[in-house]
Every structure is written in C-alpha cells, then in structure tokens.
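Q: Could you take me through some of the helix and strand terms used for this structure, and set each against its definition?

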Amino acid sequence: MVGVGRAVVEGVVVEEDAVVVRVRPRLREASRCGVCGRRASGYDRGEGTRRWRALDLGATKAFVEAEAPRVSCRRHGVVVARVPWARQGSWFTREFEQQVAWLATRCSKSAVCELMRVSWYTVGRIIERVVVDERARQGDPLDMLRRAGIDELSYRVGQRYITVVVDHDTGRLVWAREGRDKETVSRFFAELGEERKARLELISSDMGEWITRVVAAECPQVTLCLDPFHIVALATEALDEVRREVWNQARRHGDTATASFLKGSRWALWKRPERLSEKQQLKLARIAKINERLFRAYMLKEQLRLVFHEPDTDAAVALLDAWLAWACRCRIPAFVKLAKTIKHHRPGITATLTHRLSNARVEAVNTTLRLITRRAYGFHSAQALIALAMLTVGGLRPPLPGRA
C-alpha cells in the first residue's frame, strides 16, 4: 500500500494527521552502497531514524520510517546505505516520485502542487532524479542517433537559452543543455564520442555559425541541411526592408496617401498568395502598378519560397540557381546581399533539397517546450526545466504506480 516493495514491515503507527509505517530492508538488501548498490561495510548509524513521504492513504499523509545507517564503499566513500523503496538522496518513496513526475507532464503547476502537497521547487528536484533513473533503465538515446536536428530555445528573459537536439527518426528530444554557443554544441559532440559521431548521417539546423562551424569541425562526414523556414525568413526580412525604404521615400516627398497605403500592406506582402484575402489581393495588385521595385522584391521572395516546394530535386536546384542569377542582377541592395548569403550556404541548401530534411520536427518539439517553460518558471535551474522536457518529449515519462 505504501510502496516499500519486499521490505519487512515492523509496525504501523497512526498519528494525529499521518500514518507512519515502520520498516527495515531484508537482510540481503541491507548494508549496500546507496550509489552503486554493492555490498559495503558499516560505518555508523548516520542520523538515526529517517522518514520518507509515501503516497497518501486517502486524505491522510503516509510516511515510511526506517533506520538510515551509513556504509563505507570502496568506490564512493562514506554514503547513506541504499533502501529499496527510495532513490539516493531523496525524502520520498519511488512511487511518490513516479506519480509526481507523471503529473508534472500532464497537469498544471498549481494542480501538481496542491494534489501532492509539495512545493514546485520540490517537484523540480524529484523530476531530476526520475530522469536520471529512467535514462539508466532505458539506455542512452544517443546510441541510435543517425539524423539529428539542432536548435535553441529561450527559456527566460536576459538571453537565457538552452540548446536542444532532436532525433528526426523518433521525433524525441535526446539531448539538451543550458547555453547557446559553440562550446555548448561542442559538449554535445564530446558526449557523443568518436564511435557515435561516425554513425551520424544528417544534421539539420538554421544558418547560425555557432552550430554550422562546430558541425563541420566535429563531423566532417555529416551532411548539413539548412532549414528552409529560416532561409525564406531572410527573404521576408529583405522584402520588409525594401517596403520600409519605399515608405520612407513617400513620406519624404509628402505623399502621405501612398505612405499610409504601404504601411498597411505588410501582411499582403508577407503572406502566401493562396492565403491572401480579397482585400489583400487588391493591395498587391495596386503595389504592382504604383511601385515596380517593391513588387519585384515580393516576386523574389515568393520565387525563393517556391524553390523549397518543388518536389523534384534537380528542378529545385535549377530553380535555386535561376533565383541566384536574378537576385544578383535585381539592383535591390537587400536582395543582392541575401544572394551572397545564400551562395555562401549553397551546399547546405542543396542538401536540404536533396534529402528533404528540415527543422520542422525540431520546431514542433520547441513549441511543446515553450509551454513547458511557462510551467517551469518556479524552477531554480535550467537542469530542472531540461529534466521536465526530457520527461515530456524525451520518452522518459514513467508509468503511474501500479500500472504496467
């Protein structure tokens, strides 16, 4: 009932607001290192009797009470002896922590805290322990990594980021660490090791050099695929730069009507043609008549977007080459600059068109992580957030106690 497994129950005490179950480990489970589980010689009685919070019995709190002696392990030194019903360093039973971890991935922050009668900070510590335990039980997800996506996620104001790695084949988060720089990505490859790095085939990312340069240095055999969304986003930014230039020119010449019209035309220029409303279609038709330069910039943006929608690889590469030739001679500075950027990253873009690999799956995981981030504001470290993310989208969510 209280989740002590095969421990020996010595007695039960009903206090004013709690039920206390007095237990001891079986002889074969006693005097073992709390870290590695090996037999160890006794050291002292430690702090004496200790209590671990168990799952509530109805509306009453339940505790497991037992001696907590210390042992002297050859490898880990003096540590508290292992008990079969709780993890090392925890004040809660395994089943209690398992239920808290499951609820944290399914419920709101306030619901978990109120139902389990613990603080959100305590939930974060519990999640960290459960993730370590589940990862040891399931094995390292990096062992099967062949196609990966790398991206960053802002989790707190003040330029606080975590770097995430997603397995394209399983759709799961397999690695995350605090930071957004070359050192963080290098740590990922260091944890992979030479053998697992050699098995990598494809990596998708945006055009950030803090990713691309490290990938080229650490895994020269890997094909880097650049995300189409970020490439088209650069074209959209270039288009908006042209729109602002035309708008400023109209203002300087006192043409307030044209300036007002251009200011309200941003969404008509940004959206796909098939998603334009009737009013936005009329705006676009008017732009084609009154400002040929701005309309050319719009056509350049749309042509680049269509490159990534062409299903035939050879045709898509030919379209990309045609776009580069047009952009280089278009006499629009923003797009001439963009053409130089795309030429520099052409191998990665060609790989995207060939392997059809993008960061869409990574962005889908990031969308879930942003929701998790809002729940994790009470955590005091990025590690607790990462642990909650691994539980939710990393395949480490434990089952509820008593379920298979």
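Q: Which residue of S10 is the bridge partner of Thr163?
A: In this predicted model, Thr163 has Arg177 as its bridge partner in S10.

Q: What makes strand S9 and S10 a pair?
A: Pairing requires at least two bridges between two strands, and S9 (residues 160-167) and S10 are joined over 5 bridges in the antiparallel sense, so the two strands count as paired.

Q: Why is one side of S10 and of S12 left without a neighbour in the sheet?
A: The sheet is open, with 5 strands in the order S10-S9-S8-S11-S12 and mixed pairing. Strand S10 (173-178) and strand S12 (223-226) are at its edges and each has a single partner strand, which means that one side of each has no neighbour there. On average, neighbouring strands of this sheet are turned by 25 degrees against each other, direction ignored.

Q: Which helix lies across S8 and S9?
A: Helix H14 (residues 360-375) lies across strand S8 (147-156) and S9, and runs at about 25 degrees to S8.

Q: How is the packing of H11 and H12 described?
A: Two packed helices are described by the angle between their axes and the distance between the axes. For helix H11 (residues 313-328) and helix H12 (residues 333-344), the angle is about 140 degrees and the axes are 8 Å apart, and H11 passes H12 in a left-handed crossing.

Key:
Residues are numbered from 1 along each chain as its sequence is written. This is a predicted model: local features need pLDDT of at least 70, side-chain atom pairs count only at pLDDT 80 or more; totals for chains, interfaces and linings use all residues. Side-chain values use heavy atoms; hydrogens and water are left out. Axes are lines fitted to C-alpha atoms, for helices over the stretch in contact, and angles run from 0 to 180 degrees between N-to-C directions. Helices (H or I, at least four residues) and strands (E, at least two) are DSSP runs, numbered from the N terminus. A crossing is left-handed if the near helix is turned anticlockwise from the far one by less than a right angle, and right-handed if clockwise. Contact means heavy atoms within 4.5 Å.
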